[in-house]
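Keep the structure open as you read.

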Amino acid sequence: MSVRTGRTALIAVVMASVGVTAFVTPAAADGTTGGHHRHRGTQQAIEAAVRDGVPGVVAQARDRDGTWNGTAGVADLRTGRERLPQDRYRVGSITKTFVATVVLQLEAEGRLGIDDTVEQWLPGVVRGHGHDGRRITLRQLLNHTSGIYNYTDDPGFQKKVFGGFLQHRYDTWTPRQLVGLAMEHEPDFAPGASWHYSNTNFILAGMVVEKVTGRSYGSEIERRILRPLSLRATSVPGTDARMPRPSGRAYSKLSEDPKARIHDVTELNPSAAWAAGEMVSDSADLQRFYRALLKGRLLPRQQLREMTTTVEVDPQRPGNGYGLGLMRLKTSCGKDVWGHGGGIHGSSSEALMTRDTSHSLALNFNGDWSGDAWAVVEAEFCG
């Protein structure tokens with residue numbers, strides 16, 4: 001889910017927005033090892049984001065030299081508390097990779113087929129204004145080739161959830177409500193005819209998980225991923241508006257006007273994002289998750305091959321592709337990195353790593369109106 005009007009998760013990954021007080025945590029304090037000079041450019045990039053207006057940035061990288069932590073700015077504008085490497089934050093659309101992993105696990109268990117139609121599992125749900133779940137497969141949900149309208153583009157939703165955030169931050173949304181918003185619009189294209197990022201796809205994927213298992217999609221993520229990998233900083237909050245500790249604050253201008261007032265948007269009911277973007281994590285857990293995923297610890301070889309088979313997302317960027325809840329992005333130095341990005345009110349995040357998992361990065365901006373997260377990615381992987 002993205003806060004900015006009309007902004008897709010591809011942009012959130014490639015060009016995301018995410019007095020400067022920056023530091024690199026010493027090895028004695030956090031267990032990091034040598035080679036910190038290799039991340040000097042990354043530190044400079046997160047400091048640049050703070051100069052551009054982001055209240056605070058936290059980043060963690062892992063490579064052959066060990067673990068590096070860098071921060072800039074503050075976690076709390078009121079108290080001046082600095083960001084901490086262990087801070088938890090809302091990860092937005094990074095949630096999608098977790099959901100896709102569960103769907104593919106269910107396929108590996110023979111409980112569904114990735115080319116089953118949406119109609120088989122959710123009869124009558126995807127109907128209206130040209131939408132037809134009988135012609136859309138689960139694969140097309142997960143790689144955004146379904147053509148289903150993106151519910152977060154609905155003007156009424158935007159007016160309430162973005163423009164009216166302060167009045168509606170604690171509202172609860174059901175998955176059927178969110179899909180219903182999409183069904184009030186025509187699809188973007190015929191199923192399989194093109195690519196367009198749509199949060200509705202992953203609301204439906206979460207609903208399919210619940211239909212197949214008889215349990216909440218969040219409990220399936222916890223049972224299948226979080227507990228086996230000991231991802232103790234990661235959670236699926238449901239309707240809980242609070243942030244777990246440790247965490248800083250999250251800030252938004254709730255407007256495209258650069259002169260607009262900054263609001264504290266830390267507390268919110270994330271049901272408006274649900275399976276498209278409600279999760280909370282930290283930088284260490286995100287890297288641990290993607291490393292386990294790409295190493296084949298969570299999926300059999302066949303399902304991992306399906307997840308990493310990408311479709312083109314932009315003819316102008318031939319190196320970039322979208323798999324099943326997973327992105328492949330090409331850096332300026334020719335390296336491919338895999339993962340996802342995500343944005344939700346007051347929080348912009350990235351989690352990316354090389355395919356061999358030898359080099360990874362996770363970061364968070366605690367503001368959603370400025371900064372260049374891709375510059376941080378470029379600095380880390382190409383610096």
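**A walk through the fold**

Let's begin in a loop: His129 sits between β5 (127-128) and β6 (131-132). Bear in mind that this is a predicted model. What makes the backbone at His129 worth a look is a positive phi of about 55°, although the residue is not a glycine. Is His129 buried or exposed? With a relative accessibility of 53%, His129 counts as exposed, because the cut-off for that label is over 50%.

Now hop along to another residue with a positive phi. Thr357 is not a glycine either, yet its phi is about 65°. You'll find Thr357 in the loop that links β14 (347-353) to β15 (360-365). Here the relative accessibility is 7%, so Thr357 counts as buried, the limit for that being under 20%.

Arg245 and Pro246 are joined by a cis peptide bond, with omega at about 0°. Pro246 belongs to the loop running between α11 (217-226) and β7 (251-252).

Time to zoom out. How many helices and strands does the protein have? The count is 14 helices and 15 strands. The radius of gyration is 19 Å, close to the 21 Å that the globule rule gives for 383 residues, so the protein is as compact as a globular protein of that length.

What about inside and outside? Of the 383 residues, 62% count as buried. The protein exposes about 14,500 Å², and 48% of that is supplied by carbon and sulfur atoms. As for charge, there are 45 positive and 41 negative side chains, and the centres of these two sets lie 4 Å apart.

Rolling a probe the size of a water molecule over the atoms shows where empty space is left. In this protein, the largest cavity holds about 120 Å³ of space. Its lining is made up of 15 residues, and the closest to the cavity centre are Val161, Arg169, Asn269, Ala272 and His345. Which elements give two or more residues to that lining? They are α7 (155-163) and α8 (165-168).

Key:
Residues numbered from 1 in each chain as written. Predicted model: local features only at pLDDT ≥ 70, side-chain atom pairs only at ≥ 80, totals over all residues. Heavy atoms only, no water. Helix = DSSP H or I, 4+ residues; strand = E, 2+ residues; numbered from the N terminus. Rg over C-alpha atoms; globule rule 2.2 N^0.38 Å. Buried < 20%, exposed > 50% of the residue type's maximum accessible area, 1.4 Å probe, protein only. Areas by Shrake-Rupley, 256 points an atom, 1.4 Å probe, with all protein chains shown as cover. Lys, Arg positive; Asp, Glu negative; His and termini not counted. Charge placed at Lys NZ, Arg CZ, Asp CG, Glu CD. 1 Å grid on protein atoms, 1.4 Å probe; cavity = no way out; pocket = protein on both sides within 12 Å on 5 of 7 lines; lining within 4 Å. Points joined across faces, edges and corners; volume = space filled by probe spheres on them.
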